[in-house]
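Student: Could you please take me through this model one part at a time? I should like to ask questions as we go.

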Amino acid sequence: MPTFTYMTRCDGCGECVDICPSDIMHIDTVYRRSYNIEPNFCWECYSCVKACPQHAIDVRGYADFAPLGHSVRVLREEASGTISWKIRYRDGREKLFTFPIRTTPWGSIKPPSAYAAPDAAALNTPLLAHEPEVLRVPALPTLRAQAEAG
Amino acid sequence: MGLFASRKTRIVDTDILIIGGGFGGCGAAYESRYWGRGLRITLVEKANIERSGAVAHGLSAINCYMGMRWGENQPEDFVRYARGDLMGLVREDLIYDIARHVDGTVHLFEEWGLPIMTHPETGHYLREGKWQVMIHGESYKPIVAEAARKSVDAVYNRIMVTHLLLDATHPNRVAGAVGFNVRDGSFHVFRAKAVIVAAGGASHIFKPRSVGEGMGRTWYAPWSSASAYGLVLHAGARMIQMENRIVLARFKDGYGPVGAWFLLLKALATNAYGERFEAAMLDEMKSLVGKYAETAPLPTCLRNHAVLQELKAGKGPIYMHTQDAIDTREKEAIGWEDFLDMTVGQAVVWASQNIDPKEKPSELITSEPYVMGSHATCSGAWASGPEDVAPADYHWGYNRMTTVEGLFGAGDTIGGSAHKFSSGSFTEGRIAGKAAVRYVMDLAGTRPQVDDTQVKMLRDEIFKPLENHAIGRHEIVAGCVAPSYISPLHGLQRLEKIMDEYVGGISTQYLTSEPMLSRGLELLTLLKEDLDHIGADSLHQLQRAWELKHRVWTSEAVLRHTLYRQETRWPGYYYRGDFPKLDDAEWHVFTASRYDARSGTWQMSKLPVHHIVA
């Protein structure tokens, strides 16, 4: 279901260009608004739809298997940590869902350098950062190498 | 090159270079910073790490979690499971290594803010199946990307890395990588002491079922352009199990996930007549693969095989009976979230075709093949294992280092290590990140040397598709048909057709043979020659050109490995018509290859499969 951009909503900000994993949202040089330059490389991942501040991007199901008349709209709200979906069927039925997306404030992750530097000798052990505590078992499991021939 | 002589070159010096900002790369970023406090660590990504890689879309489950703290599973259990699913052929040391560390990774994700569903009574993570936990994973990638961004010195987004660089003074040692900026066209040279390749596996090397617009709705992301393999094999790294492509049984066309429906909601699949068919085929499967048909749970390839046999018998379509599984609003929400978190397109298919899963069943189909190292399949580079676990011949100093010194891998890059998924790929990135720090520390002052002549040659080669187009387009009035060049899409479609028709794609029901593969190789060789004549009319098309080259290089490995293994090891993934049965006496081994870029030759060999878990 490739994306498309509504002419009257897009203000050409380029958020979709910046986020698209497939590099297919580009700014049209005449209209100064975004459009999908390569619908057959669109994974319908909705990254651009979610990122658009103007809600200017929508999706029309892939022409080779999706009949017309449907819509799947989304509102992703980082402040409240939720994502809401509105699904409209070809026959008019609607379904609404809201799901959480994150339990902590955006930007709150503690970087690895904010932890005390590990002991240099630990570099030569199999232990990874914060182990074994982060495993919530007493010790990192190991296995004596017992290769069978061939 | 005359036409583009004014192009800017940017040189970046770093200790550790991480190529690819998906889950493997983000894990490598975090761990290499934890251990390498004073090192310069650089992450380069062809898109934007906020939403890049296979998890850009989101995910609805974490498919690799032991639950050791609750005594749910031990790493040995996971090795047995992955080995069974891959018909006996896996690197048990690598799988064990991921399994013993992966719980810590998932606990970090939860601490960072990933909502993991919990069981209302036990408070444990809500299990989808034995190994999977359910998450609200729409923002899985942005959360993990935040941790990665805070770990490295610099993230270079929108850089397409095309080649690795080898050390001018020390053969078979990595020295960095080159590529170009997809936005401004500048040429980038990264000089590094260690390189971790965490790029993506391969979609779009086999012709997809969908046509036209729908070709973007492959099961694996269309931006997974085989760079995981193209980069490392071209640098001379030994590759294994490249024939071990994967085929997925998924909801038709949308390719929505089936795990939650089968495992959590307990939906059943039947043929068009409402009959269950898997168990009835057990004897037929035994005649092909012997004892492996008795593996519990039934290996992924054999489940595909059952679907295929049923379709060939005219008993399709195959249906997933979602309508029998949804009896509460809560279950309905879980079923929908499964798609909305990770495959919105499936929701669109349902809305457009008036399918309410609560009311009627949905078709299942087997997908086109994919080549990757992180799902129920394990193509990739031959890597050194963990020193306390790996058998002697699986270990050469640094964990997850390939056969090229200083070149590490994670995620789809590393072969033999199936069932990593998101959490395991991040974990493998962590393992590689720590090992790379150790390698750099041991290397001390001897920085690898980049050969400037080689870099200049690569620079010309990288931008040649722009030149091909700029010159060739003057021969024609307009349009996309020219006598001297083809577009990246033209080349891609030729590749997909060759692989589909000769190497076991959908049009032959995944069947191939020695004569078919030999003919396919002739055609693929012609396509390789035509890669010098790709025409790109923009930087975006230049990216597509290099994605195509990585796909073609990888496809040749896939073809040659398929030719080399004279058995049908994974019925349901592909069939060798001339060797229709599994042959443990000859082929209980890894297939290995090494490509020599200078001579253009391939060396094939067998490597032993050691069983270290009973």
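**Backbone details and packing**

Tutor: With 18 C-beta neighbours inside 10 Å, B:Arg158 counts as partly exposed. Please keep in mind that this is a predicted model.

Student: Where does B:Arg158 lie?

Tutor: B:Arg158 is in the loop between β5 (154–156) and β6 (159–166) of chain B. Its phi is near 60°, which is a positive value in a residue other than glycine.

Student: And B:Arg400, what is phi there?

Tutor: For B:Arg400, phi is near 65°, again a positive value in a residue other than glycine. B:Arg400 belongs to the loop between β14 (380–381) and β15 (407–409) of chain B.

Student: Is B:Arg400 buried or exposed?

Tutor: B:Arg400 is buried, because 30 other C-beta atoms lie within 10 Å, and the cut-off for buried is 20 or more.

Student: What kind of peptide bond joins B:Ala296 and B:Pro297?

Tutor: That bond is cis, with omega about -5°. B:Pro297 sits in the loop between α7 (282–289) and α8 of chain B. A cis peptide bond also joins B:Gly316 and B:Pro317, where omega is about -5°. B:Pro317 is found in the loop between α8 and β12 of chain B.

Student: What does helix α8 of chain B lie across?

Tutor: Helix α8 (residues 300–312) lies across β10, β12 (318–320) and β13 of chain B, and runs at about 110° to β13(B).

Student: In what order do the strands of that open sheet come?

Tutor: The order is β10-β13-β12-β11 in chain B, an open sheet of 4 strands with antiparallel pairing. At the edges stand β10 (249–251) and β11 (269–270); each has a single partner strand, so one side of each has no neighbour in the sheet.

Student: How many bridges join β10(B) to β13?

Tutor: There are 3 bridges between β10(B) and strand β13 (residues 362–366) of chain B, and the two run antiparallel. B:Arg250 is placed opposite B:Ile365 in β13(B).

Student: Which way do β1 and β8 of chain B run?

Tutor: Strand β1 (residues 9–19) and strand β8 (residues 187–197) of chain B run parallel, joined by 10 bridges. B:Ile16 faces B:Ala194 in β8(B) across this pairing. β1(B) also pairs in the parallel sense with strand β2 (residues 41–44) of chain B, over 4 bridges. There, B:Ile19 has B:Val44 as its bridge partner in β2(B).

Student: Now for helices: at what angle do α1 and α4 of chain B pack?

Tutor: Helix α1 (residues 23–35) and helix α4 (residues 140–149) of chain B pack at about 35°, with their axes 8 Å apart. The crossing is left-handed. On α1(B) the contact uses B:Phe23, B:Cys26, B:Ala29 and B:Tyr30, and on α4(B) B:Val144, B:Ala145, B:Ala147 and B:Ala148. By class, the contact has 8 nonpolar residues, no polar and no charged.

Student: How many residues of α15(B) are buried?

Tutor: The count is 22 of its 26 residues, so α15(B) is largely enclosed by the rest of the structure. At 1.5 Å a residue, this helix (residues 539–564) should span 38 Å, and its end C-alpha atoms are 38 Å apart, which agrees.

Student: Finally, how many residues does each chain bring to the contact between A and B?

Tutor: Chain A contributes 68 residues and chain B 78 residues. On the side of chain A that touches chain B, α1 (15–19), β6 (82–88) and β7 (94–100) of chain A each supply at least two residues. The element that gives the most is β6(A), with 4 residues. This side of chain A divides into 43 nonpolar, 14 polar and 11 charged residues.

How values were computed:
Residues numbered from 1 in each chain as written. Chains lettered and ligands numbered in written order. Predicted model: local features only at pLDDT ≥ 70, side-chain atom pairs only at ≥ 80, totals over all residues. Contact = placed C-beta atoms within 7 Å. Nonpolar A, V, L, I, M, F, W, Y, C, P; charged D, E, K, R; others polar. Axes fitted to C-alpha atoms, helices over the stretch in contact; angles between N-to-C directions. Left-handed = near helix turned anticlockwise from the far one by under 90°. Pairing = 2+ DSSP bridges. Expected span 1.5 Å × (residues − 1). Buried ≥ 20, exposed ≤ 12 C-beta atoms within 10 Å, placed from the backbone.
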